[in-house]
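Subject: Structure for you to look at

Hello,

Here is the structure I promised to pass on. Please open it first, then read my notes below.

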Amino acid sequence: MKTPEVAIVTGASSGIGRATALALRARGCTVYDFSRHGADADGIIHIGCDVSDEARFAAAVQEVVRREGRIDILVNNAGFGISGAAEFTDNADAKRLLDVNLFGVVNGCKAVLPHMRAQGRGRIVNISSVAAPVAIPFQVWYSVSKSAVSTYTAALANEVRPFGITATAILPGDIRTGFTAAREKIHAGDDVYCGRIAKSVAVMEHDEQTGMDPAAAGRYIAALALKKSVKPEYTVGFVYKFLVILARLLPCGLKNRIVGMLYAK
């Protein structure tokens, strides 16, 4: 009888992370949720962890290794969003977002790699976003963080391949989750920008709340986490795959003008 794969999903207390954890559990994996808030539920084991804290992340990974003897899959999903004009977003807020969205991924990879290298195999899945190739106005730091995650993952994939470890970035589009309500909104400067900040955020929130079912995204991510081999990057959903391809084919100026018409009028 095959031993269940051992998977860690960060931010699995809700949203895409929860859906991914449930999908991995349904496929027979032993699943750990690393999040600040949560509890054991639905067969998923919770370990309290602030992903922006490198030492705590490493200690949580060590605890999984102590219990299970190995780690097969890491899904770096934890993250949050900030909306507002770049000009009026405090650097401290931007750095706080990067500490979670980017360095939370870095901390996770650094924590699991020695164990995966020792066992000669492992899969790292980093959740990026369509907002990486398509920079969203008034959501600049979210786009910056996810662009960095995609670039980090592509470089990491080449570094760790000789050890039997594979890494991939997954780019979801708009998903119906609590991410929308949890977004930190910076309203400063909306008068200067003639109400365009609030209008842009309203468009984003509408798209998110009419977007993909998180369960479908979770199943897709779980399937890739268990796939025998993976490419460095995948986009979730046919429409978003088309948009990402289009964004990379269009001249930069034209692409940015179209995005501006959608989100910055």
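Predicted model: local features only at pLDDT ≥ 70, side-chain atom pairs only at ≥ 80, totals over all residues.

Start with strand β6, residues 122-127. β6 is mostly covered: six of its six residues are buried. In a regular strand, side chains alternate between the two faces of the sheet. Look for that pattern here. G122, I124 and N126 point one way from β6. R123, V125 and I127 point the other way. Both sets are buried.

Next, the neighbours. β6 runs parallel to strand β4, residues 73-76, and four bridges join the two. In that pairing, N126 of β6 is the bridge partner of N76. β6 also pairs with strand β7, residues 165-171. This pairing is parallel too, over six bridges. Here V125 stands opposite T168 of β7.

Helix α5, residues 140-160, belongs to the picture as well. Together, β6, α5 and β7 make a right-handed β-α-β unit.

The lining has 18 residues. Nearest the pocket centre lie E5, R121, A225, L226 and K227. By type, the lining divides into eight charged, five polar and five nonpolar residues.

Best wishes

Notes:
Residues numbered from 1 in each chain as written. Heavy atoms only, no water. 1 Å grid on protein atoms, 1.4 Å probe; cavity = no way out; pocket = protein on both sides within 12 Å on 5 of 7 lines; lining within 4 Å. Nonpolar A, V, L, I, M, F, W, Y, C, P; charged D, E, K, R; others polar. Buried < 20%, exposed > 50% of the residue type's maximum accessible area, 1.4 Å probe, protein only. Pairing = 2+ DSSP bridges. Right-handed = clockwise from strand over helix to strand, strands pointing away.
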